[in-house]
Amino acid sequence: MKRTLSGIIGLALLLALLVVFQQRVGWDQAMQRALALPLWVHLAFVLLMAVSYGARAARMQLATLPVTAGQFTAVLRLSCIHVTANSLLPARAGEAAFPWLMSRYFGLRLRDSFPTLVWLRLFDLHCLFGAGLLGVMLGRYGWAAALLGQIAWLAMVPAGFWLLRRFGERFPRRGWVLAWVGDMLAKAPIQWRRLYAWTVLSWYSKFLALAAVLMLMVELPLQAAAAATVAGELSFVLPVHGVAGAGTYEGALVGVAALWGAGPDAMLAAAVDLHLLVLLVTVVFGLAGLLLPVGRPPTLQQRRAAD
């Protein structure tokens, strides 16, 4: 029932976006705006997105060592497919692609790949909120305060690991909650500093690409474009969103940009163009990932070794 309701809401959001956009802006004008961007802008956007994909794959391999040692091509393929599934499937259903592909390519069991995915998503959320904080502080307090805020926010990662480990050592694992926390801490990435560095590179290269294109499409200050793009990415973690994020993504960008006085019609056109560009790159990278070699599936002995 929940999946059906989520699908109905997602389809309704998509249809609502199509109707409102046609009435307020028009698809012809939107396509003309997107095609009017210089070629170097599109090339720079694809390059920055490629950096983001590469950093995402590098951290995925780092988080799953030694199972994926020496198999970066297979990890890159897995990462491209995972990102594409997450972008196109509703209600975060694409997350299931990660444990399934880890089992298929590397023989890793679900109970071993799931904690890795949880840690990666925790790093993602921390980085997303940090980028949003950077945009807000840039708008209100300037560069100096924004950089200090970023340093303090990034320092929460080692402080959080230290506190969690102290918590796990001091309190016995009584009850399923503490037992689950203790198990997650036991499976925390050993090289979490490098892992978080790859996470920052992945997200900030993507935000740079999105914010730059958004600023070229509509007149926005840097802090407004940064905050709007972060809000758009955060809309994907909502329990319900439109098909491929349609409707919720645009609503997040328009709503946040309105705080800086951006016109709703111009911002809606830019948001739809940006979303289409992101989806196009996502699909292309996903299809390109299917062309990457994986190697032979793991044998029974390799599966047992991985276990």
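**Salt bridges and a helix contact in the predicted model**

The side chains of E233 and K206 meet in a salt bridge, with 3.2 Å from N to O; a salt bridge is here a side-chain nitrogen of Lys or Arg within 4 Å of a carboxyl oxygen of Asp or Glu. This pair links distant parts of the chain, as E233 lies in helix α10 (residues 222–234) and K206 in helix α9 (residues 192–217), 27 residues apart. Helices (H or I, at least four residues) and strands (E, at least two) are DSSP runs, numbered from the N terminus. E233 counts as buried at 7% relative accessibility, and K206 counts as buried at 12%. Buried means under 20% relative accessible area, exposed means over 50%, and partly exposed lies in between (1.4 Å probe, protein chains only).

The structure is a predicted model, in which local features need pLDDT of at least 70 and side-chain atom pairs count only at pLDDT 80 or more, while totals for chains, interfaces and linings use all residues. Residues are numbered from 1 along each chain as its sequence is written, and side-chain values use heavy atoms, with hydrogens and water left out.

The structure holds four salt bridges. In one of them, R59 pairs with D124, and the closest N and O atoms are 2.9 Å apart. R59 belongs to helix α3 and D124 to helix α6 (residues 110–141), so that the pair links distant parts of the chain, 65 residues apart. R59 is buried, with a relative accessible area of 3%, and D124 also counts as buried at 3% relative accessibility.

D124 forms a salt bridge with R121 as well, the closest N and O atoms being 2.4 Å apart. Because D124 and R121 are three residues apart in helix α6, about one helical turn separates them. R121 is buried, with a relative accessible area of 19%. Through shared partners, salt bridges join R59, E95, R121 and D124 into one network.

Helix α3 (residues 39–63) also packs with helix α12 (residues 264–290), at an angle of about 55° and with axes 11 Å apart. Axes are lines fitted to C-alpha atoms, for helices over the stretch in contact, and angles run from 0 to 180 degrees between N-to-C directions. The two helices are therefore oblique to each other; angles under 35 degrees count as roughly parallel, over 145 as roughly antiparallel, 65 to 115 as roughly perpendicular and the rest as oblique. The contact (heavy atoms within 4.5 Å) is made by H42, F45, V46, M49, A50 and Y53 of α3 and by L277, V278, V281, T282 and F285 of α12.
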